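Welcome! Here is a short briefing to read alongside the structure. Take a moment to look around it before you go on.

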Amino acid sequence: MIQKSYTRWIFVLPAMIVVSALFIYPFLSSIFYSFTNKNLVMPVYTFVGLDNYRAVLADTNFWWAFLNSLKWTVLSLVGQVLMGFALAMALHRIRHLQWLYKILLIIPWAFPTIVIAFSWQWILNGVYGYLPNMIEKLGLMDIAPSFLSDSTWAFVSLVFINIWFGAPLIMVNVLSALQTVSVEQYEAARIDGANAWQVFRHITLPHIKVVIGLLVVLRTVWVFNNFDIIYLITGGGPANSTMTLPIYAYNMGWGTKLLGRSSAVTVLLFIFLLLICFIYFKVISRWEKEGE
């Protein structure tokens, strides 16, 4: 019995080491440094208590980045869920060449983020970009919008790109959930005279709402923490219009070298996402109890 217990730990140990190296150590070190005046230039640091948190919460740029992060997350998440759900419902009704449509629609999610970012940067560039030049040549506008240099258009463009990028993940998971619904339930509902809305509300939705809820949790954390797409396309500009909390923390840590203050931002971000996930899981657990 003792030998079997040791054997389990031997198999689990490599994964635990990797998790500790990639998550636990950075997480604990961020908490530790958030209470210090750690600077990437100076080798010596001291404890400053809650000074970093007070400085961050008093910074108007922090609240601007927080508001941008909220808008970025809500708009991206709503768009991804709606588009992914619509695509999944459409694919669920297709009987011929469904596999081909799946492959074509999953392409945005399959490409590396850096390829996506540079491709869209080329498409939307105001000087040589494909889309602005096409708009002007077709005569749709005298002057094409400055997709990446105008504050409003830059934010809208990034949200559109993120929806296009993330919707396939929602589509695949929702489609898998739809395919688990028994065909007999739909046939029985039609025999009983149920219309399309009643079928969706009483049969389809109860089967997939938990899956959608879990996807919303995962995508909320992912999108709120998103850094690469925004940084690679706009870098948080123009005029900080697309600066979110991850970019604010990055600029604080690697721009001004104030690692202690940057760590305080990441800890606040973690606490906020922890509260959001707690609310999400309370709702999902209620749905699961209703489905029992």
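Helices here are DSSP runs of at least four residues, and strands are runs of at least two, numbered from the N terminus. Keep in mind that this is a predicted model.

**Annotated spans**
- An unreviewed UniProt entry carries the annotation "transmembrane region" for residues 12-35, 72-91, 103-123, 153-178, 199-223 and 262-281.
- Within residues 103-123, 90% is helix and 0% is strand, and the end C-alpha atoms are 23 Å apart.
- Residues 199-223 are 100% helix, with 32 Å between their end C-alpha atoms.

**A nonpolar patch**
- Residues including Leu97, Trp99, Ile103 and Phe118 make a nonpolar surface patch of about 1000 Å².
- Two elements, α4 (98-110) and α5 (113-124), each give two or more residues to this patch, and α4 gives the most, with 6 residues.
- Ile103 is placed in helix α4 and is partly exposed, at 46% relative accessible area.

**Aromatic rings**
- The whole structure holds 20 aromatic pairs.
- In one of them, the ring centres of Trp63 and Phe66 are 6.0 Å apart with planes at 85 degrees, so the pair is edge-to-face.
- Trp63 and Phe66 sit about one helical turn apart because they are 3 residues apart in helix α3.
- Trp63 is partly exposed at 44% relative accessibility, whereas Phe66 is buried at 18%.
- Phe224 and Phe272 form a tilted pair, because their ring planes are at 35 degrees, with centres 5.2 Å apart.
- Phe224 is in helix α9 and Phe272 in helix α12, so this pair ties together parts 48 residues apart in sequence.
- Phe62, Trp63, Phe66, Phe224, Tyr248 and Phe272 form one aromatic cluster.

**A charge over rings**
- Lys71 lies over the face of Trp64, 5.9 Å from the ring centre, and over the face of Phe155, at 5.1 Å from the ring centre.

Methods: Residues are numbered from 1 along each chain as its sequence is written. This is a predicted model: local features need pLDDT of at least 70, side-chain atom pairs count only at pLDDT 80 or more; totals for chains, interfaces and linings use all residues. Side-chain values use heavy atoms; hydrogens and water are left out. UniProt positions are given in the numbering used here, feature names are shortened, and annotations may be inferred rather than shown by experiment. Patches are made of residues with over 30% relative accessible area and no salt bridge: like charges are joined within 9 Å, nonpolar side chains (Val, Leu, Ile, Met, Phe, Trp, Tyr) within 5 Å. Accessible areas come from the Shrake-Rupley method with a 1.4 Å probe; for residues, only the protein chains shown count as cover. A salt bridge is a side-chain nitrogen of Lys or Arg within 4 Å of a carboxyl oxygen of Asp or Glu. Buried means under 20% relative accessible area, exposed over 50%, partly exposed in between (1.4 Å probe, protein chains only). Rings of Phe, Tyr and Trp (its six-membered ring) pair if their centres lie within 6.5 Å; planes under 30 degrees apart count as stacked, over 60 as edge-to-face and the rest as tilted. A charge sits over a ring if NZ of Lys or CZ of Arg is within 6 Å of the ring centre and within 35 degrees of the ring normal.
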